[in-house]
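User: I'm new to this one and would like to learn how to read it. Could you walk me through a feature or two?

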Amino acid sequence: MTAVAGDGAAVTRLGSGGPWEAVYGYSRVVRAGNLAWTAGCTSTVDGRVAHVGDAAAQTAQALRIGLDALAEVGAELADVVRTRMYVTDRSYADEVGRAHNAVFGAVRPAATMVVVAGLIDPEHLVEVELEAWLGDR
């Protein structure tokens with residue numbers, strides 16, 4: 001992760017070097033006080049979509065990317081309080097939900113799943129966002 005210009009003591013913004021961050025002007029993860037949020041995470045690895053055609057594997061990959069980003073600002077799996085999942089077809093809901101459960105079943109954050117018309121790359125089947133509360137850390 002790389003720090004984004006303009007960081008202050010109260011807000012930390014980190015980028016992963018992903019292909020769209022600099023072009024579109026966003027950070028992979030932002031921490032403000034005891035809250036942290038990820039940008040939308042997909043299964044893009046080294047600039048390419050991983051697990052083409054497999055919504056469950058794309059979900060698992062996207063969640064790993066999001067959790068790794070949160071770890072960069074001090075958050076752990078148990079700190080995640082909300083997730084959002086965007087799927088390109090409702091037929092993916094069950095496999096995406098089960099992949100989410102495999103990671104968050106014991107944590108049980110508030111969660112939303114929405115069917116969308118499409119994502120930035122047509123091979124993306126799912127995108128996820130994570131929010132964490134770090135308490136007094």
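User: How are H2 and H3 set relative to each other, and why is that the word for it?

Analyst: Two packed helices are described by the angle between their axes and the distance between the axes. Here, in a predicted model, the axes of H2 (residues 55-72) and H3 (residues 93-104) cross at roughly 40 degrees and come within 8 Å. Angles under 35 degrees would count as roughly parallel and 65 to 115 as roughly perpendicular, so H2 and H3 are oblique to each other. Their crossing is right-handed.

User: Which residues make the contact?

Analyst: On the H2 side, look for Ala-55, Ala-56, Thr-59, Ala-60, Leu-63 and Leu-67. H3 brings Glu-95, Val-96, Ala-99, His-100, Val-103 and Phe-104. Sort the residues of this contact and you get 9 nonpolar, 2 polar and 1 charged.

User: Now pockets. What volume does the largest pocket have, and what lines it?

Analyst: The largest pocket has a volume of about 420 Å³. Its lining counts 21 residues, with Ser-16, Gly-18, Pro-19, Arg-28 and Thr-44 nearest the centre. By type, the lining splits into 10 nonpolar, 7 polar and 4 charged residues.

User: Which element gives the largest share of that lining?

Analyst: That's H2 again, with 3 residues. Strand S5 (44-45) also supplies at least two.

Terms used:
Residues numbered from 1 in each chain as written. Predicted model: local features only at pLDDT ≥ 70, side-chain atom pairs only at ≥ 80, totals over all residues. Heavy atoms only, no water. Axes fitted to C-alpha atoms, helices over the stretch in contact; angles between N-to-C directions. Helix = DSSP H or I, 4+ residues; strand = E, 2+ residues; numbered from the N terminus. Parallel < 35°, antiparallel > 145°, perpendicular 65-115°, else oblique. Left-handed = near helix turned anticlockwise from the far one by under 90°. Contact = heavy atoms within 4.5 Å. Nonpolar A, V, L, I, M, F, W, Y, C, P; charged D, E, K, R; others polar. 1 Å grid on protein atoms, 1.4 Å probe; cavity = no way out; pocket = protein on both sides within 12 Å on 5 of 7 lines; lining within 4 Å. Points joined across faces, edges and corners; volume = space filled by probe spheres on them.
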